[in-house]
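Have the sequence to hand as you read.

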Amino acid sequence: MAVERLEAICNASPDGILIVDSDGRITFANDRVSDLFGYDPEELRGEPVEVLVPEEYRETHVAQRD
């Protein structure tokens, strides 16, 4: 129930919200990410957050994220 409540709050937000686990995988993306990144939220689930980072910065992003 707590997860559903958190998702409802995030989906009601006018801002794009991503939740990323400790391995850098996207576990949640609200509907607003479609407008910001052009991906359906379900497409992003399970993907590394670096798919949203410009390719030239992806490697350094992983190091900074860790």
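The model is predicted. It holds three salt bridges. One of them, R65 with E50, links distant parts of the chain. N30 is buried, whereas A12 is exposed.

**Salt bridge R65–E50**

- The side chains of R65 and E50 meet in a salt bridge at 2.9 Å, N to O.
- The two residues sit 15 residues apart, with R65 in helix α4 (residues 58–65) and E50 in the loop between α3 (41–44) and α4.
- R65 is partly exposed, at a relative accessible area of 28%.
- E50 has 7% relative accessibility. E50 counts as buried because this value is under the 20% cut-off.

**Salt bridge D35–R32**

- D35 and R32 pair through their side chains, with an N to O distance of 3.1 Å.
- D35 is exposed, with a relative accessible area of 60%.
- R32 is partly exposed, at 31% relative accessibility.

**Salt bridge E42–R45**

- The E42 and R45 side chains form a salt bridge at 3.4 Å, N to O.
- That distance counts as a salt bridge because the cut-off is within 4 Å.
- E42 has a relative accessible area of 52%. E42 is classed as exposed because the value is over 50%.
- R45 is partly exposed, with 36% relative accessibility.

**N30, a buried loop residue**

- N30 lies in the loop between β2 (26–29) and α2 (33–37).
- Buried or exposed: which class does N30 fall into? N30 is buried, because its relative accessible area is 1% and the limit for buried is under 20%.
- Which residues does N30 touch, not counting those up to four places away in sequence? The contacts are C10, N11, S13, D15, G16, I17 and P41.

**A12, an exposed helix residue**

- A12 is found in helix α1, which covers residues 2–12.
- A12 counts as exposed because its relative accessibility is 64%, and exposed means over 50%.
- How far apart are the C-alpha atoms of A12 and S22? They are separated by 25 Å, and the two residues are 10 residues apart along the chain.

Technical notes: Residues are numbered from 1 along each chain as its sequence is written. This is a predicted model: local features need pLDDT of at least 70, side-chain atom pairs count only at pLDDT 80 or more; totals for chains, interfaces and linings use all residues. Side-chain values use heavy atoms; hydrogens and water are left out. Buried means under 20% relative accessible area, exposed over 50%, partly exposed in between (1.4 Å probe, protein chains only). Helices (H or I, at least four residues) and strands (E, at least two) are DSSP runs, numbered from the N terminus. Contact means heavy atoms within 4.5 Å.
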